[in-house]
Amino acid sequence: MCVQYWPASNELEETYGGIHIKVIQEEELANFRIRTFRLYKMDKETVTEERFILQFHFTEWHCHSCPFGNALLEFRRRVRAVVGHRIKSKEAGPMVVHCNDGGGRSGVYLSVDANMELGEEEDKFDVFGYLKKLRQSRMAMVENVDQYKFVYDTLEEYVTCGNSWFGVSELSQRLKQKSQKNATTKLNEYQREYMLICKQTPRFTIGDCAGGHRGDNRKKNRDVLIVPRK
């Protein structure tokens with residue numbers, strides 16, 4: 001069981017077994033947070049050893065479940081961008097991936113990340129083979145069928161949608177490009193992207209929305225065909 005190992009507030013400092021830890025920077029985004037920790041040891045009043053740890057904390061992913069694929073892809077992009085920069089500048093240390101039990105969600109992230117890297121280098125995926133290799137080292141990596149399918153769905157979204165982000169300075173140029181129609185499809189980039197978004201939108205079943213159809217909730221719905229997901 002994993003418990004929070006950093007101070008509950010940026011104003012606080014904790015000490016664990018002689019190691020002092022303090023959050024010196026925190027950035028909050030829609031689905032994750034990026035924190036920088038300062039860890040150090042003291043001998044009387046002198047700092048004898050010091051480390052800075054960069055943490056990427058995905059906050060919108062509950063145990064035994066799956067997040068939104070595009071959110072995980074954005075998370076992975078940010079991790080890779082920062083780590084890649086640190087490797088080039090020779091500032092990077094070893095990377096650790098963990099979740100509540102070090103199995104389900106960690107296995108999903110590792111499977112997605114490794115297969116995306118394999119796709120970029122060799123133009124192929126091997127979800128089954130990589131997960132088999134993971135489970136030889138640790139049990140319960142990717143702990144249910146839904147998570148296993150999610151790996152495939154996320155890779156499909158990655159291949160289908162590609163990288164959609166761009167720098168602020170490129171906006172004007174992008175607007176001009178997106179207005180131009182493709183000679184073959186007769187669609188401009190706005191139309192093509194919107195069609196992709198519609199295909200990627202999850203479709204909920206009646207079972208997903210069962211709570212909205214319960215007798216005590218029916219009168220609360222403006223339309224029986226538009227109910228919240230439980």
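How many salt bridges does the structure hold?

Guide: A quick word on ground rules. This is a predicted model, in which local features need pLDDT of at least 70 and side-chain atom pairs count only at pLDDT 80 or more, while totals for chains, interfaces and linings use all residues. Residues are numbered from 1 along each chain as its sequence is written, and side-chain values use heavy atoms, with hydrogens and water left out.

Now, the count: there are 16 salt bridges, each being a side-chain nitrogen of Lys or Arg within 4 Å of a carboxyl oxygen of Asp or Glu. Side chains of opposite charge can pair when their charged atoms come close.

Take Glu26 and Arg35, whose closest N and O atoms are 3.1 Å apart in their salt bridge. Arg35 is buried at 6% relative accessible area, while Glu26 is partly exposed at 31%. (Buried means under 20% relative accessible area, exposed over 50%, partly exposed in between, with a 1.4 Å probe and protein chains only.)

Asp113 and Arg76 make another salt bridge, with 2.8 Å between the closest N and O atoms. This pair links distant parts of the chain, 37 residues apart: Asp113 sits in helix H2 (residues 104-122) and Arg76 in helix H1 (residues 69-88). Helices here are DSSP runs of H or I, at least four residues long, and strands are runs of E, at least two, numbered from the N terminus. Both Asp113 and Arg76 are buried.

Then there's Glu189 with Arg192, bridged at 2.6 Å between the closest N and O atoms. They are 3 residues apart in helix H6 (residues 189-200), so about one helical turn separates them. Each counts as partly exposed, Glu189 at 26% relative accessibility and Arg192 at 36%. Elsewhere, salt bridges that share partners join Arg76, Arg80, Asp113, Glu117 and Glu120 into one network.

Setting aside neighbours within four places in sequence, Lys178 is in contact with Asn188, Glu189, Tyr190 and Glu193, where contact means heavy atoms within 4.5 Å. Lys178 counts as buried because its relative accessibility is 13%.

For the helix walk, let's take H4. Gln147, Phe150, Val151, Thr154, Leu155, Glu157 and Tyr158 are buried in H4. They cover an arc of only 155 degrees around the axis, so they lie on the same side of H4; the arc is that of the directions from the helix axis to the C-beta atoms. Val145, Asp146 and Val159, on the other side of H4, are exposed. Where H4 starts, a side-chain oxygen of Asn144 comes to within 3.2 Å of the backbone nitrogen of Asp146. After H4 comes Gly162, with a positive phi near 65 degrees.

Glu157 is buried yet has no salt bridge, and Lys149, the nearest side chain of opposite charge, is 11 Å away. (Lys and Arg count as positive and Asp and Glu as negative; His and the chain ends are not counted.) Leaving aside neighbours within four places in sequence, Glu157 is in contact with Gly69, Asn70, Leu73, Gly162 and Gln200.

How values were computed
A polar contact is a pair of N or O atoms within 3.5 Å; within protein, one must be able to donate a hydrogen and the other to accept it, and residues adjacent in sequence count only if both atoms are side-chain atoms.
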